[in-house]
Amino acid sequence: MTIPLEGRRVEVEKVTLARRSLVTIDDLSTGEMEAVFSLADGMSAELARQIPIESGRGKIMASLFFEPSTRTRLSFEAAMHRLGGGVISAVDVGATSLAKGESLADMARIVGSYADIAVIRHPWEGAAKVIADYAGIPVINAGDGGHQHPTQTLLDLYTIRKERGTIKGLKIALWGDLKYGRTIHSLIFALAKFGADILFCPSPGLELPEHIIQKLITEYGGEVVKPGASNGKSKERLFPLDAVYTTPTSPHQLAMMPDVSLEVELKTGVDALYVTRTQKERFATDEGDELKQKYPVVDKKLLKGKEFRRTLVMHPLPRVDELAYDLDTDPRSQYFKQAAYGVPVRMALLALLLGARESPVSGEEQIVPAVDFPIYHGKPGLRCPNSKCVSVQKTEIKYIEPEFKIVNRQPLTLRCIYCEHGFEPEYIASSEWHEGRSASKKYHSARSHWAQKIKTENLLVFTSAREAESHGFKPSHYTGGAAEK
Ligand code: NCD
């Protein structure tokens with residue numbers, strides 16, 4: 001096998017994923033995803049010919065589902081059975097020692113001593129990373145809160161590739177809850193990696209979080225542009241286009257057409273419309289009925305336009321009201337097929353991570369240059385501000401050492417390594433204050449020039465003036481006023 005080199009395209013002959021975990025979609029290169037797809041094709045063929053498959057023989061998969069699931073859990077378990085392996089499962093926190101206050105790390109160590117591979121779904125964002133850090137066996141993220149759902153992405157891409165033969169250069173519209181939908185948060189990065197253009201069509205109030213847009217631009221290249229006003233107002237309402245992402249390889253660069261309108265974007269047709277339901281279980285307490293009422297519905301009427309003539313209608317399911325039943329018999333609809341692909345795709349992934357199979361890949365590897373951000377270790381007491389992050393939960397805070405990538409210096413922006421939530425902290429200081437005199441032990445606004453001046457190894461970050469002051473720092477002239485009082 002040729003080792004992929006940063007920024008170069010190389011031929012990859014055989015891919016092995018033995019002993020690896022899949023926590024976010026970033027864990028797989030395009031070549032590795034292609035390896036999963038070609039093995040999934042092989043698995044489908046073997047299943048169809050009723051050839052006994054032995055890749056999981058003697059192996060046990062732990063199936064840990066602490067949030068509702070039908071497709072993901074059953075397809076993972078069916079996949080392991082079809083590979084000839086065994087399954088042990090826990091499907092309710094209340095029936096495990098987590099309910100007694102056990103930490104995820106301790107549970108992971110135990111599961112790692114009983115099983116050969118583990119699949120976890122959990123409401124806390126970053127939970128799968130903690131399990132992967134402690135289990136000592138390959139771990140697959142089957143959905144961690146609103147963060148990511150990488151195996152759904154694999155079968156989404158597999159579906160598109162089967163229907164269109166490629167992903168590169170396609171135009172994919174993402175519809176509905178782009179704020180909380182974890183399937184969306186994984187799919188976006190994979191589409192960017194494969195070189196697809198993306199149309200963001202959120203339900204009002206459920207737009208893609210800014211930190212995800214930032215990651216898309218800084219790590220995957222390309223650009224995100226908000227379309228200008230268009231004359232086709234009624235169509236605009238029917239098709240709520242909020243922003244467009246084009247990859248660096250896209251032939252039409254949006255920077256050259258700043259007033260890109262809906263008409264321009266739709267002219268070449270939409271290759272896939274990926275619909276999602278409102279993730280109401282993740283709404284904040286002050287969000288709610290209003291967001292649900294505005295939710296746009298995809299039905300036969302919407303798909304009458306010529307831009308949708310060949311559109312694949314996709315949905316990770318379950319659907320609620322956002323996808324009309326009148327589309328079920330429409331040849332453009334893919335969602336039940338998409339769910340059925342869950343078994344061969346997950347069989348392929350399990351076999352590869354268990355080291356039972358290798359997969360040949362043809363074609364070129366598209367490599368997104370890795371961005372090596374400096375790490376901030378969270379001293380003296382910085383915690384992730386995302387209340388759904390695994391690192392701030394009562395049972396986990398005792399042992400998880402917070403870590404943040406410094407993804408930008410102007411404005412200073414940190415990203416939690418667990419939930420990947422990005423945020424701009426309020427105050428900063430240097431641990432090397434001038435000549436060590438306590439009179440010069442000052443803190444500054446994170447938006448002042450100090451954000452670029454302080455060396456990473458000396459950087460101290462605070463979320464409030466009070467916190468900075470509790471560590472003995474006094475406000476400098478650069479605290480933006482409020483803190484000086
Ligand atoms: C999705 C999920 O759990 O995130 N379902 C799935 O795995 N197929 C989508 C959803 O629940 O809306």
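Analyst: Two strands are taken to pair if DSSP finds at least two bridges between them. The model is a predicted one, and the description below should be read accordingly.

By that criterion, strand 17 (residues 427-430) and strand 19 are joined by four bridges and run antiparallel. Within this pair, Ile428 has Val461 of strand 19 as its bridge partner. Both strands belong to an open sheet of four strands in the order 19-17-18-20, in which the pairing is mixed. Strand 19 (459-462) and strand 20 (474-475) form the edges of this sheet; each has a single partner strand, so one side of each is left without a neighbour in the sheet. In general, the strands of a sheet pair through backbone hydrogen bonds, either parallel or antiparallel.

Another open sheet of four strands has the order 13-14-15-16, with antiparallel pairing. Its edges are strand 13 (375-376) and strand 16 (422-423), and because each has a single partner strand, one side of each lacks a neighbour in the sheet. Strand 14 (residues 404-409) runs antiparallel to strand 15 (residues 412-416), and five bridges join them.

Turning to the ligand, the residues around it include Thr72, Arg121, His149, Gln152, Arg182, Arg277 and Gln279. Pro316, Leu317 and Pro318 are also among them. The side chain of Thr72 has an N or O atom 2.8 Å from an oxygen atom of the ligand. For Gln279, an N or O atom of the side chain is 2.9 Å from a ligand oxygen atom. A nitrogen atom of the ligand lies 3.2 Å from a polar side-chain atom of Gln152. Taken alone, the ligand exposes 320 Å², of which the protein buries 94%.

At 1.5 Å a residue, its 19 residues (30-48) should span 27 Å, and the end C-alpha atoms are 27 Å apart, which agrees. Its buried residues include Met33, Val36, Phe37, Leu39 and Met43, together with Glu32 and Glu46. An α-helix has 3.6 residues a turn, so residues three or four places apart point the same way. Among the elements that cover the buried residues of helix 1 are strand 1 (14-15), helix 5 (150-164), helix 6 (182-194) and helix 12 (342-353). Just after helix 1, Gln50 adopts a positive phi of about 55 degrees.

Technical notes: Residues are numbered from 1 along each chain as its sequence is written. This is a predicted model: local features need pLDDT of at least 70, side-chain atom pairs count only at pLDDT 80 or more; totals for chains, interfaces and linings use all residues. Side-chain values use heavy atoms; hydrogens and water are left out. Helices (H or I, at least four residues) and strands (E, at least two) are DSSP runs, numbered from the N terminus. The expected span of a helix is 1.5 Å times one less than its number of residues. Buried means under 20% relative accessible area, exposed over 50%, partly exposed in between (1.4 Å probe, protein chains only). Contact means heavy atoms within 4.5 Å. A residue is near a molecule or strand if one of its heavy atoms lies within 4 Å of it. A polar contact is a pair of N or O atoms within 3.5 Å; within protein, one must be able to donate a hydrogen and the other to accept it, and residues adjacent in sequence count only if both atoms are side-chain atoms. Accessible areas come from the Shrake-Rupley method with a 1.4 Å probe; for residues, only the protein chains shown count as cover.
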